[in-house]
Amino acid sequence: MPWDSEMVARFKQRYGSGIREASTYLGQSYMIVDSSLIHEILQLLRDDEGFDYCVDVTAVHYPQREQQFDVVWILYSFARNLRIRVKTLIHETESVPSSVDLWVTADWLERECFDMFGIKFDGHPNLKRILLPDGWKGYPLRKDYGIIQQDKEWVQINLGIESGQ
Amino acid sequence: MLDYITSYLKSTSTPGQAGNYFWATVYILIIFGGVSVAVMAMNWLERKALAHFQIRLGPMRVGPHGLLQPIADAVKLLTKEDIIPDGADKMVFWIAPLIILCAAFTTYIVIPFGPTHAVTDLNIGILFMLGVSSLSVLGVVMAGWASNSHYPLIGGLRSSAQMVSYEVAMGMAVVSAVLMTSLHGLGLYGVAANGSGMGTGTLSMISIVQAQYDQQAWFIFKFFPLGFLAFGLFAIAMVAETNRAPFDLPEAESELTAGFHTEYSGLRWSLFMLGEYAAMIAVSSIAVTLWLGGWMRPFPHWLAGGTWDLVFSLFPGFTFLALAGFAFLGVIRMPKHPLFKIQTIGLAGFGAVLGLIGLILFIPPVRDRIQDIYWFAAKVAMFMYLYIWYRATFPRYRFDQLMKLGWKVMLPLGIGVLILTAVLGVIL
Amino acid sequence: MTPVATPFFFYFLSALAVLSGIVVITRRNPVHSALSLIVTLLSLAGLYLMLYAPFVAGVQIILYAGGIMVLFLFVIMLVSIERAQREYQFNKQWIVGICATAVLGVLLVLGYSEGKAIFPAIPAAMPENTNTQEIAIFLYGNYLLPFEVASLLLLVAIVGAVVMAKKRI
Amino acid sequence: MNPTSTSNLDLDTRQETFLDANELIINMGPQHPATHGVLRVILKLDGEKVLGTECVIGYLHRGVEKIAENRTYTMFNPYVDRMDYVAAVSNGLGYCEAVEKLLNVEAPPRARYIRVILTELNRLASHQLWLGTHALDIGAMTPLFYTFRDREEILKIFEKYCGARLTTHAFRIGGCVYETYDGFEDDVKKFLKFVPPKIDEYEELLTTNRIWLERTRNVGTISAKDCIAFGVTGPVLRASGVKWDIRKAQPYSGYENFDFEIPTGQNGDTYDRYLVRLAEMRQALRIIDQAVNSIPEGPIMAKIPKVIKPPVGEIYHSIEAPKGELGYFIVSDGSTQPYRVRVRPPSFVNLQALDLMVRGALVADVIAVIGTLDIVLGEVDR
């Protein structure tokens with residue numbers, strides 16, 4: 001179901017095909033925007049539309065697609081009591097601009113995305129692993145990473161055991 | 001030889017002053033043993049009382065109502081592996097607990113448990129006590145530094161700053177009490193009934209108590225509220241001085257894991273604990289001596305006369321009989337189950353021992369000799385209970401707040417009390 | 001009260017003071033030096049006691065051993081010991097050192113040779129019980145001015161320390 | 001001013017004037033009595049003053065999100081309890097509601113009332129546990145035992161209801177699987193009578209205690225603006241004066257039927273957060289009281305297929321957990337297993353604000369602030 005609102009209309013008018021999709025599913029609205037526009041649109045959303053609270057930054061991996069990753073920003077506006085999702089699609093090698101300069105909270109959330117998916121956020125002040133240990137190889141939440149797979153080498157060196165399983 | 005031993009019994013001074021080395025040694029041994037037992041009892045009481053504050057039962061397994069718990073703890077601590085951290089300064093690491101222990105126990109030399117029940121009576125008694133107890137901070141600092149670890153280091157630094165600052169306020173309070181010893185008058189506001197004005201004061205612990213007897217007023221009530229204020233200052237400062245809650249920052253568990261003794265284990269850790277509890281009893285003894293009339297029984301002047309003397313001298317025996325009664329009450333309430341048989345017998349035996357002690361305390365010569373010690377111990381026990389109470393009730397101060405309290409509230413108050421005491425002593 | 005084994009305690013305490021004094025200047029680790037300095041101070045306190053000056057002994061313990069040395073240790077711990085140990089600690093000021101030692105030595109010899117006349121061989125019968133009072137009378141009577149000057153000096157020292165240590169006042 | 005970013009702890013700069021003490025780098029945790037689990041905070045100290053912090057987390061990482069992708073929707077349900085294990089019921093509620101939304105079904109009214117009662121009881125239990133441990137961190141030992149005594153009554157109700165005390169797995173997708181046991185309502189009513197005096201008792205111990213006031217007032221202050229910038233939610237946000245609660249803003253599970261207040265503070269300091277949480281305990285009791293007195297009869301399970309296969313699509317659903325906004329972002333590819341489950345953990349996001357809150361404070365304040373943020377490491381690390 002398409003997402004009809006004044007705001008979306010304004011965005012569409014301004015960015016044209018840069019807004020690839022804007023729809024509502026189960027009462028929740030989201031829009032998919034071009035990865036080159038994402039930072040600008042997020043900034044507009046924060047400054048002009050009042051989405052002052054960044055709820056979450058996360059990603060979804062679709063290995064069969066050409067643009068493998070969805071990066072999702074979940075935003076909330078206290079003034080409007082409205083929650084929206086902004087998505088962008090990127091290639092495996094592509095990076096997205098960081099939103100830490102817009103919402104400080106994105107710091108750890110983006111680090112977790114990097115940790116789990118290997119997505120690089122340009123301009124992030126301290127992009128390193130957060131939940132996994134620093135020397136770990138592999139990005140566990142990618143679909144090609146098996147559920148019992150682990151970085152054997154790291155386990156052997158750092159824990160001194162044959163296998164963590 | 002026998003003559004040498006028995007001759008002291010007739011004297012009316014402490015063995016140190018009488019120059020009787022035999023009895024001095026005996027006294028030292030008795031005090032050492034007595035304090036060790038008191039520390040163990042305090043350990044059990046603290047765990048029990050704290051548990052009951054916190055709707056728990058506390059130790060219940062080792063012996064009836066956990067009575068043997070301190071012994072079990074001691075055995076555990078002695079057999080525990082003794083760890084010296086790698087990179088620690090071994091010698092300093094070794095000496096630190098010994099210093100704390102020695103400092104705590106040395107102070108007992110001058111504590112008067114009765115007019116003659118002290119190892120010796122130094123004429124700088126109170127100064128000696130403050131000086132020696134201030135040495136224990138060296139042990140804390142050394143332990144913190146020698147562990148070669150950050151948490152103990154911070155704990156050591158905190159405690160050195162804390163102890164040094166609170167010693168000042170403590171000194172002010174003590175001096176104002178010492179000042180009161182130079183008065184001659186009777187009663188709360190009496191200064192010089194005999195018209196001779198100020199006399200000379202004294203630093204001797206025994207003479208301080210004697211002065212309270214002569215002036216017919218405990219110094220806590222003297223120049224009310226000045227004496228009371230000084231006593232309050234001392235009571236607060238002594239908690240800080242012994243690193244107990246709410247001033248237990250050097251060993252603040254939630255911040256510094258265990259502060260200066262984080263890296264200690266087994267025997268050496270138990271020495272720290274022994275030293276801490278011994279120091280608690282020691283500073284409480286100072287407070288009792290200076291403000292609460294030391295070994296004096298309540299109302300030695302109002303309720304004077306042979307009958308009252310007899311009544312008060314029966315207190316120790318009755319206390320032990322009451323304790324025995326509690327033990328037998330516990331025996332009756334013990335579950336009737338084969339598994340509890342040994343415990344029940346043990347508790348009954350304990351009660352019997354307490355009762356026997358109580359009966360022995362009724363024998364006139366024992367009664368007369370022991371009742372000073374009884375009153376002194378009772379007053380100290382009150383402080384011990386306060387320590388436990390504080391620990392159950394108060395949150396912990398933050399370091400800067402602690403310093404602020406010490407320097408900006410207690411020190412000016414202490415100086416004020418001192419000056420007012422001096423002025424009152426001169427003009428009244 | 002008759003003193004016990006006076007010569008033994010005198011030589012024991014003196015030896016302790018001298019030995020730990022030597023340890024103070026020979027140890028590389030400043031904490032060890034400070035600790036042996038405490039031993040020196042405590043044995044001095046013992047010597048004061050033997051001279052029937054219990055008040056001075058008490059003050060020696062409470063102020064030097066309990067107060068000042070704690071602050072010493074406090075400061076030593078705060079500076080990085082690893083770095084201090086690596087640095088060469090001995091200043092090459094032999095001339096000054098030798099001069100000072102010589103002057104002190106001469107003083108010692110003079111004191112020993114001339115002192116026999118000044119100091120009586122038998123200790124003066126000082127009343128032990130009023131020792132503290134005697135000190136008070138002297139301090140606040142005859143020597144009131146020097147006493148107050150000394151306290152002023154201490155005040156200046158405190159102000160100086162605060163000014164130097166505090167980044168902003 | 002834009003709040004500073006969290007992880008710019010510069011470990012190499014040292015001031016070397018001759019009187020400056022060396023800066024200490026201290027590792028607080030992962031095994032430390034006051035870090036509530038396995039949080040590791042690297043502190044840079046000047047004496048006792050905190051110059052900066054860096055949180056090192058992940059010691060309890062179990063890969064919950066990865067596990068979800070390899071389990072069916074039903075099978076994953078018990079796993080969510082293991083995240084915030086002190087508020088397991090809330091976690092379950094959020095997950096079940098999210099999947100229900102994805103399936104486009106709604107739990108029947110009776111099930112929703114049961115859910116509200118249990119969730120609010122759990123909020124109370126979580127706050128009680130917080131209060132006890134927080135007070136213990138600040139040095140007051142006794143409240144810990146009082147709160148645990150009263151929390152026990154809640155856990156007893158849970159145990160009677162579903163057999164588990166901590167990780168309850170109380171709800172299922174589509175409603176509840178267990179009908180209330182006989183005497184459930186009486187138990188809850190008895191509890192409602194039992195607990196308010198106990199809350200007064202906690203207040204008596206702490207609220208006007210001078211040391212408690214000194215330790216918590218103006219400690220770890222965070223402004224409303226910073227709260228929003230850091231995405232901080234829950235009682236921490238409300239204590240800074242933002243009157244925002246998802247139960248009111250976007251009601252779920254029938255919260256619109258209940259009358260309750262959103263307690264707020266003004267200063268955003270540790271003391272205000274303490275007061276807000278205490279007020280929330282009382283509000284939770286109010287909600288339970290209304291729910292248990294008007295609980296409707298009827299089925300407790302909606303009609304859902306035996307095999308749960310939501311249509312292709314994605315959903316974000318969030319609830320007001322005791323610690324803040326707990327969100328589930330679920331992507332379905334039409335199969336029996338979720339394609340992706342993302343949990344938006346309140347503790348994780350709130351913990352980010354630690355650095356801002358403790359900079360320039362003392363070591364003891366770090367402990368107070370970690371306590372007041374009410375983090376659960378199972379949820380931070382997932």
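In chain A, residues 24 or more positions apart account for 43% of the contacts with a separation of 6 or more. This figure, like every other one in this report, was computed from a predicted model.

## Chain A and its sheet

Chain A holds four helices and seven strands, and from the N terminus on these elements follow the pattern α-β-β-α-β-β-β-β-α-β-α. Its C-alpha atoms fill a box of roughly 60 × 30 × 25 Å along the principal axes, and of its 165 residues 39% are buried.

Five strands of chain A form an open sheet with mixed pairing, in the order β1-β2-β5-β4-β3. Because β1 (19-25) and β3 (53-61) of chain A stand at the edges, each with a single partner strand, one side of each is left without a neighbour in the sheet. Neighbouring strands of this sheet are turned by 20° against each other on average, when direction is ignored.

Within the sheet, strand β2 (residues 28-33) and strand β5 (residues 82-90) of chain A run parallel and are joined by five bridges; opposite A:V86 in β5(A) stands A:M31. Helix α2 (residues 38-47) of chain A lies across β2, β4 (69-77) and β5 of chain A, and its direction makes about 170° with that of β5(A). Helix α3 (residues 106-117) of chain A also packs on the sheet, where it touches β3 and β4 of chain A and runs at about 5° to β3(A).

## Chain C

Chain C has seven helices and zero strands, so that, read along the sequence, its pattern is α-α-α-α-α-α-α. Of its 169 residues, 16% count as buried, and among its contacts between residues at least 6 apart in sequence, 57% join residues at least 24 apart.

|---|---|---|---|
| C | 169 residues | 16% | 57% |

## Helices of chain D

Helix α5 (residues 142-162) of chain D has 21 residues, which at 1.5 Å a residue should span 30 Å, and this agrees with the 31 Å between its end C-alpha atoms. Buried in α5(D) are D:T142, D:P143, D:Y146, D:T147, D:D150, D:R151, D:I154, D:I157, D:F158 and D:Y161. An α-helix has 3.6 residues a turn, so residues three or four places apart point the same way. The buried residues of α5(D) pack against elements of two chains, namely α3 (21-53) and α15 (364-393) of chain B and α4 (109-138) and α6 (184-206) of chain D. After α5(D) comes D:G163, whose phi is positive, near 90°.

Another pair of helices in chain D is formed by α3 (residues 88-103) and α4(D), which pack at an angle of about 140° with their axes 8 Å apart. That angle makes α3(D) oblique to α4(D). In this contact, D:V89, D:S90 and D:L93 of α3(D) meet D:R115, D:L118, D:T119, D:N122 and D:R123 of α4(D), and these residues divide into three nonpolar, three polar and two charged.

## Contacts between chains

Four pairs of chains touch, and among them the most contacts are between chains A and D. The contact between these two takes 35 residues from chain D and 28 residues from chain A. On the side of chain D that touches chain A, at least two residues each come from α1 (64-69), α8 (224-229), β6 (313-321), β7 (324-332), β8 (338-344) and α12 (346-351) of chain D; the largest share, four residues, is that of β7(D). By class, this side of chain D has 13 nonpolar, 14 polar and eight charged residues.

The contact between chains B and D takes 22 residues from chain B and 25 residues from chain D. On the side of chain B that touches chain D, the elements giving two or more residues are α10 (253-256), α15 and α16 (399-427) of chain B, and by class this side has ten nonpolar, six polar and six charged residues.

Chain A has no contact with chain B, and the closest C-alpha atoms of these two chains lie 22 Å apart. Chain A likewise has no contact with chain C, the closest C-alpha atoms there being 29 Å apart.

Conventions: Residues are numbered from 1 along each chain as its sequence is written. Chains are lettered from A and ligands numbered from 1 in the order in which they are written. This is a predicted model: local features need pLDDT of at least 70, side-chain atom pairs count only at pLDDT 80 or more; totals for chains, interfaces and linings use all residues. The expected span of a helix is 1.5 Å times one less than its number of residues. A residue is buried if 20 or more other C-beta atoms lie within 10 Å of its own, exposed if 12 or fewer, and partly exposed in between; C-beta atoms are placed from the backbone. Two residues are in contact if their C-beta atoms, placed from the backbone, lie within 7 Å. Axes are lines fitted to C-alpha atoms, for helices over the stretch in contact, and angles run from 0 to 180 degrees between N-to-C directions. Angles under 35 degrees count as roughly parallel, over 145 as roughly antiparallel, 65 to 115 as roughly perpendicular and the rest as oblique. Ala, Val, Leu, Ile, Met, Phe, Trp, Tyr, Cys and Pro count as nonpolar, Asp, Glu, Lys and Arg as charged, and the others, Gly among them, as polar. Two strands pair if DSSP finds at least two bridges between them.
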